[in-house]
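Here's a quick walk through some strands and the packing inside this chain. Have the structure open and follow along.

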Amino acid sequence: MNDTSTRPLRLGTRRSKLAMAQSGQVAEAVRQLTGRPVELVEITTYGDVSRESLAQIGGTGVFVSALRDALLAGEIDFAVHSLKDLPTAQPDELALAAIPPREDPRDVLIARDGLTFQELAAQPTVARIGTGSPRRMAQLNAWARDLGLEIETVPIRGNIDTRIGFVTSGELDAVVLAAAGLARIGRSDEVTQFLETDAVLPAPGQGALAIECATTNAPLAATLAELDDPYTRAAVTAERSLLAALEAGCSAPVGALADLLADGQVVTEMRLRGVVGTTDGKTLVQLSTTGPVPSSSEEAVAMGRELAAAMLDKGAAGLMGERAL
């Protein structure tokens, strides 16, 4: 690896507690892999400083562009992102070198008094549940409606501490967060309910990390590739292909999850589920498809596109607000 092999590798990360935790875990794995020190370089992104809703400031990409700029400028050697924050189009100059094994992709409820969603929805007063995600709002409202009940979804922003604080202060009855984020900062014990994917499908790529480096740095890309999990990559590639084909950023209420179906110890098939809905939950288009585990990126992309086409046929396009022509 020439004479730079003793220089610390610079890992670019957002400054949030969660980003630092997940980047720290990747840094340790890269240290063990390469025998080289890895230093974290903290980078503030527009998504971290803006107080506007994600939908207003451009959805995906707002947490990513500053890290990518630093990569392209040579200020850092590689970056760690939450995969669900990455725009679906991958720039040619940057390699998605590794997608490590995925954490639990589900959403979770953190509610007052340890209540479940069903118990909250059944309370005499309408439960106020906080989330910044139109995807979660659509599915939570639809779930309550299926139970013959009503909830109020309240838009919130902020880090994990801020969001949980809305519940402990009594301002909200519950908040919905990603299981993976809480696991990575060691706070899963605060979860009052893991939301089953039959009720709430996660964001495409939720629970997975993306490790990115410059395409020109082939030796580093090859090293980082050892952290890649092919099953996770196949699953999230299909999910993100579905999202891209629906022409939706993360501000659109799109949920997707690819499950690997096993026969005993052998993974035999992959099931891809998708949902698009109006935030009030009155209209949802939900479909799934099952096929052989994709053996290439192209096959995973095709699976996502096929399901998206079927969802568009069922009226998904009209549920996503203005579509770019």
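Let's start with strand S4, residues 94-98, which is mostly covered: four of its five residues are buried. Keep in mind that this is a predicted model.

S4 pairs with strand S10 (residues 209-214) in the antiparallel sense, over four bridges.

## A three-stranded sheet

Next up is an open sheet of three strands, in the order S11-S12-S13, with antiparallel pairing. S11 and strand S13 (284-292) sit at the edges, each pairing on one side only. On average, neighbouring strands here are turned by 15° against each other, direction ignored.

S12 and S13 run antiparallel and are joined by nine bridges. Along that pairing, Met270 stands opposite Gly291 in S13. As a reminder, strands of a sheet pair through backbone hydrogen bonds.

## The nonpolar cores

Met270 turns up again in the largest nonpolar core, which has 18 residues. Along with Leu242, Leu246, Leu272, Val276, Met311 and Ala316, Met270 is one of the residues with the most contacts inside this core. Who supplies the residues? Helix H10 (230-245), strand S11 (254-263), strand S12 (266-277) and helix H11 (297-313) each put in at least two. The largest share, five residues, comes from H11.

Technical notes: Residues are numbered from 1 along each chain as its sequence is written. This is a predicted model: local features need pLDDT of at least 70, side-chain atom pairs count only at pLDDT 80 or more; totals for chains, interfaces and linings use all residues. Side-chain values use heavy atoms; hydrogens and water are left out. Buried means under 20% relative accessible area, exposed over 50%, partly exposed in between (1.4 Å probe, protein chains only). Two strands pair if DSSP finds at least two bridges between them. A nonpolar core is a set of buried Ala, Val, Leu, Ile, Met, Phe, Trp, Tyr and Cys residues joined through side-chain atoms within 4.5 Å. Axes are lines fitted to C-alpha atoms, for helices over the stretch in contact, and angles run from 0 to 180 degrees between N-to-C directions.
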